[in-house]
Amino acid sequence: MHMKVMVKQESPRICVSGFASNNKMAAKSCCSCKIGPSILNADLSCLTDECNRLLECGADYLHLDVMDGHFVPNLTFGAPLVKCLRKKVPDAFFDMHMMVANPEKWVDDMADAGADQYTFHLEATEKPVDLINQIKKAGMKVGVGIKPNTPVEAVLPFVELVDMVLVMTVEPGFGGQKFMADMMPKVKHLRTKYRVLDIEVDGGVGIPTIEAAAQAGANMIVSGSAIIKSDKPKEVIDALRATTEKWIKINSETSQ
């Protein structure tokens with residue numbers, strides 16, 4: 001059975017399927033493919049079983065969408081659920097997508113709950129550098145996300161301070177939206193400038209759209225409905241991985 005599960009350690013966390021510890025980006029020669037199902041699309045009444053099933057199908061990490069009803073109109077879950085889930089799924093890498101106003105407010109709670117990566121939206125804070133330092137001090141990796149209407153140039157001053165940049169390919173807040181192919185120039189721009197940066201895409205990513213995302217340079221692939229709703233989630237994960245790894249290899253060779 002193909003299984004890539006993160007190994008949890010005491011702080012700092014070290015991972016075995018492509019996630020380096022904080023500030024280790026320079027040690028990597030190229031990025032690696034990581035597939036992260038969005039559990040928001042799962043059956044929340046049996047979330048532990050759903051998470052374990054996804055990991056058994058080959059997921060590299062789990063993408064947890066936290067929405068507060070303010071930054072986005074929808075409302076999901078918070079640190080108490082994450083803390084309960086961590087006890088039941090101790091070895092998974094939790095990528096927290098914090099679609100919240102005042103993301104500074106929830107850093108310590110999420111760290112205490114067992115989050116591995118805290119991904120905030122650039123649009124939600126007036127002091128991104130302070131927030132980045134706060135997240136690192138709490139022992140988590142740092143991701144920063146940008147919404148479709150935010151130009152990629154806005155995130156460039158912070159790229160070398162973070163572990164990952166998230167390019168939203170839908171408007172954040174709801175699942176099942178159509179993939180926005182016109183976001184791919186952002187991904188390509190980032191990949192051209194930062195060959196080993198983890199670049200995540202989130203929204204409408206599945207078999208029909210993975211080619212565009214991977215070709216542009218995304219290596220962290222968030223996929224919700226395409227994986228969760230499939231009768232054969234392992235085959236979907238394998239297909240996403242194969243296409244992403246293909247383009248990582250091609251892009252690496254052409255950049256040399």
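The following legends describe close-up views of a predicted model. Local features are reported at pLDDT of at least 70 and side-chain atom pairs at pLDDT 80 or more, whereas totals for chains, interfaces and linings use all residues. Residues are numbered from 1 along each chain as its sequence is written, and side-chain values use heavy atoms, with hydrogens and water left out.

**View 1. Overview of the protein chain, with eight helices and eight strands.** Helices (H or I, at least four residues) and strands (E, at least two) are DSSP runs, numbered from the N terminus. Of the 256 residues, 54% count as buried; buried means under 20% relative accessible area, exposed over 50%, and partly exposed in between (1.4 Å probe, protein chains only). Among contacts with a separation of 6 or more, 67% involve residues 24 or more positions apart, a contact being heavy atoms within 4.5 Å.

**View 2. The open sheet of eight strands, with parallel pairing.** The strand order is β1-β8-β7-β6-β5-β4-β3-β2, where two strands pair if DSSP finds at least two bridges between them. At the edges lie β1 (34-37) and β2 (62-67), each of which pairs on one side only. From one strand to the next, the twist averages 25°. Axes are lines fitted to C-alpha atoms, for helices over the stretch in contact, and angles run from 0 to 180 degrees between N-to-C directions. Helix α2 (residues 79-88) packs on the sheet, where α2 touches β2 and β3 (94-99), and the direction of α2 makes about 170° with that of β3. Helix α8 (residues 233-255) also packs on the sheet, in contact with β1 and β8 (220-223); the direction of α8 makes about 145° with that of β1.

**View 3. The parallel pair β6 and β7.** Strand β6 (residues 164-168) is joined to strand β7 (residues 198-202) by five bridges. Opposite M168 stands D202 in β7.

**View 4. Helix α4 (residues 128-137) and its buried residues.** P128, L131, I132 and I135 are the buried residues of this helix. Seen down the axis of α4, they fall within an arc of 100°, so they line one face of the helix; the arc is that of the directions from the helix axis to the C-beta atoms. Their packing partners are α3 (107-113), β4 (117-121) and β5 (141-146). After α4 comes G139, with a positive phi near 90°.

**View 5. Two glycines, G173 and G204, within the UniProt annotation "binding site".** The annotation comes from an unreviewed entry and also covers S38, H97, F174, G175, G176, G224 and S225. UniProt positions are given in the numbering used here, feature names are shortened, and annotations may be inferred rather than shown by experiment. G173 lies in the loop between β6 and α5 (184-193) and counts as buried because its relative accessibility is 2%. Not counting residues up to four places away in sequence, G173 touches M67, V72, N74 and M99. G204 is placed in the loop between β7 and α6 (210-216) and counts as partly exposed because its relative accessibility is 34%. With the exclusion of residues up to four places away in sequence, the contacts of G204 are V170, Q177, F179 and T209.

**View 6. Cysteines in a structure with zero disulfides.** A disulfide is a pair of cysteine sulfur atoms within 2.5 Å. C46 is in no disulfide, and the nearest cysteine sulfur, that of C51, is 9.7 Å away. C46 is partly exposed, with a relative accessible area of 28%, whereas C57 counts as buried at 13% relative accessibility.
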